Amino acid sequence: MILLLLGPPGVGKGTQADLIAQHYALTTCSTGNMLREEISRNTELGAAVKQYLEKGVLVPDSQLFTLVEHFLAEHMNGGLLFDGFPRNVNQARVFETLLNNIDLKLDMAIDLHLSENDIVERLAHRRYCSKCGRTYNLITNPPKENELCDTCHIALMRRTDDTENVIRRRMEIYTQETYPLITYYTSQGKYHQISAQGTKQEIFARITNIINGNKA
Ligand code: AMP
C-alpha cells in the first residue's frame, strides 16, 4: 500500500503519519524531516537547502527528487507513507513516474483539513524531538513528561520555521503550490479529505475508516 498525506503546515500530518505507519506497518518518507536531518548533519545538501526552510519556501524540486529516489530504492519492497511530498503538481507527476519505473502506484492521497485559526493555534504549541523527529503538540498530543521526548528523553524543540511570519508564508505557498494537488488526485479518483478537528485518536479513526474502506 502506498499512501500520501496532504494538508497545510500544522494540521497534524506528522502525528498522524506516526500512527498510520505503525498501524499498517508502513515506512514513512517525510521530506521535511529528511531535509532537517541533512541540515543538522551539515551535509552538502543540508547547506544548500537551509535558506529555503528558514524562509518557509519550497526547496527546488530537483533536490527533492534525489532524496525521494534514494528513499524508493531502499524501501521499494514494503508499504510506504509519504508525508510532505509531493508538494506541487510537477513533483506529483515526477513521483508518479518514479513509482511507475519500479512497478508501484499510489493508492490514495489523504488530505487533512482544518481552519486557518486552528492551524495557527496548533503551530504555536507544536514541538519536535531533534533526535528521532517525533512531533508533539503540547495541548493535543503532549509528551508524558514536561517538554521531553517520550522515546529519547531529551528536551523538545520548537521548529525555527514556526514563527508567525514564516508560518504565514508557508500557508501562502501551500495555497498556491500544493492546493492544485486536490484537483490532480481527484481526477485520478485517489483524493480523500478528512476533518483534522478533534483528538488525534478521532482523526486517526477517520483515516483508518477511509483506508479500510478502500482496501475492502
Ligand atoms: P514540513 O516539515 O513538511 O513542513 O517541511 C518543512 C520545509 O521543508 C518546507 O517549508 C520546505 O521548505 C521544505 N520541504 C519539505 N518537503 C518539501 C517538498 N516536497 N518540496 C519542497 N520543499 C519541501
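Trainee: Which residues touch the most other members of the largest nonpolar core?

Mentor: In general, nonpolar side chains in soluble globular proteins tend to be buried together. A nonpolar core here is a set of buried Ala, Val, Leu, Ile, Met, Phe, Trp, Tyr and Cys residues joined through side-chain atoms within 4.5 Å, where buried means under 20% relative accessible area with a 1.4 Å probe, protein chains only. The largest such core has 32 residues, of which L4, L6, F82, F95 and Y185 touch the most other members. Among the elements that each supply at least two residues of this core are β1 (2-6), β3 (80-83) and α8 (180-187), these being DSSP runs numbered from the N terminus (helices H or I, at least four residues; strands E, at least two). The largest share, six residues, comes from α4.

The model is predicted, so local features need pLDDT of at least 70 and side-chain atom pairs count only at pLDDT 80 or more, while totals for chains, interfaces and linings use all residues. Residues are numbered from 1 along each chain as its sequence is written, and side-chain values use heavy atoms, with hydrogens and water left out.

Trainee: What does F82 touch?

Mentor: Contact means heavy atoms within 4.5 Å. Leaving aside residues up to four places away in sequence, F82 touches I2, L3, L4, L5, C29, V68, F71, L72 and F95.

Trainee: How many disulfides are there?

Mentor: A disulfide is a pair of cysteine sulfur atoms within 2.5 Å, and by this rule the count is zero. The sulfur of C129 lies 3.7 Å from the closest cysteine sulfur, in C149, which is too far for a bond.

Key:
Buried < 20%, exposed > 50% of the residue type's maximum accessible area, 1.4 Å probe, protein only.
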